[in-house]
Amino acid sequence: MRILRKASALAVTAMLAVPTTAAFAYDGSRTVKAEGRFVPPSPFHPSKPLTYDSKKVPVGARISVVEHVGGRVGGATTSVRLQVSGLLPNRMYGAHVHTKQCGRTPDASGPHYQNVKDPHQPSTDPAYANSENEVWLDFTTDVRGHATAESRHDWRFRPGAARSVVIHEHGTATKHGKAGMAGARLACLTVPFAGTTDEAGTGK
Ligand SMILES: [Cu+2]
């Protein structure tokens, strides 16, 4: 099953030249990486990092996201690592894993991925909208506009349910009624978390 999926994704990769790689190890561990330089959303290129606000996330700035899933049986561990450069210096941004792929408009990426889904959407209840149940990757850039963030979890993404990383205007709120909110969606990178993908492919 996994091999078939990989093979078909490879064909897509060749077609779109998607800067995404995936590696599957025999112990069940897996690494997925997506990276690139931000471009404006038009002309729309689904596989490239998109900036919706080129003043705060400049065209040409870099992003890379690596998902690593541990292979221990019964002990799922997921880590998501974000790296950016070329953003505004000494500035805090919010960032999260979202459920849908990036699109022409900032809304396309859908809500945040939640391990346990809040029955009330949009979710602003801290019982669900928190950094354990969602993947938060808030970061503050250094003087050169560079930053890294990592988030670790003892669960795995549901296949096909986590598809992008969105960079937001400010750090993520935690109070009731505002939990998970981080202002405008400035930029987006499509990432085939859990190795599943439609347009964005997986590669060697
Ligand atoms: Cu978000």
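In which sense do β9 and β10 pair, and over how many bridges? In this predicted model, the two strands run antiparallel to each other and are joined over five bridges. Within this part of the structure, His 168 stands opposite Arg 185 of β10.

The protein has 204 residues and contains one helix and ten strands. Five of the strands make up an open sheet, in the order β3-β10-β9-β6-β7, with antiparallel pairing. The edges of this sheet are β3 and β7 (139-140); each has a single partner strand, so one side of each is left without a neighbour in the sheet.

Confidence in the model deserves a word here. The mean pLDDT is 86, and 81% of residues reach 70 or more. Two stretches call for care. Over residues 1-18, pLDDT stays under 50, and the model has 19 contacts beyond four places in sequence for them. Where pLDDT is low, the predicted coordinates should not be read in detail.

Turning to the interior, buried residues account for 37% of the protein. The largest nonpolar core holds 35 residues, and those touching the most other members are Val 65, Leu 82, Ala 95, Leu 137, Val 165, Ala 187 and Leu 189. Two or more core residues come from each of β2 (30-37), β4 (62-69), β5 (78-85), β6 (92-98), β9 (164-168) and β10 (185-190). The largest share, four residues, is given by β10.

Beyond its neighbours within four places in sequence, Leu 189 contacts Ala 34, Pro 49, Ile 63, Val 65, Cys 102, Ser 164 and Val 165. One of these, Pro 49, lies in the loop between β2 and β3 (50-51). Is Pro 49 buried or exposed? Pro 49 is buried, because 29 other C-beta atoms lie within 10 Å, where 20 or more are enough to count as buried. Leaving out residues up to four places away in sequence, Pro 49 touches Gly 36, Arg 37, Phe 38, Val 39, Ile 63, Ala 187 and Leu 189. Val 39 and Pro 49 are ten residues apart in sequence, with 6.2 Å between their C-alpha atoms.

Links across the sequence are also found in the protein as a whole. Of the contacts between residues at least 6 apart in sequence, 65% join residues at least 24 apart.

Methods:
Residues are numbered from 1 along each chain as its sequence is written. This is a predicted model: local features need pLDDT of at least 70, side-chain atom pairs count only at pLDDT 80 or more; totals for chains, interfaces and linings use all residues. A nonpolar core is a set of buried Ala, Val, Leu, Ile, Met, Phe, Trp, Tyr and Cys residues joined through C-beta atoms within 7 Å. A residue is buried if 20 or more other C-beta atoms lie within 10 Å of its own, exposed if 12 or fewer, and partly exposed in between; C-beta atoms are placed from the backbone. Two residues are in contact if their C-beta atoms, placed from the backbone, lie within 7 Å. pLDDT is the predictor's confidence in each residue, from 0 to 100. Two strands pair if DSSP finds at least two bridges between them.
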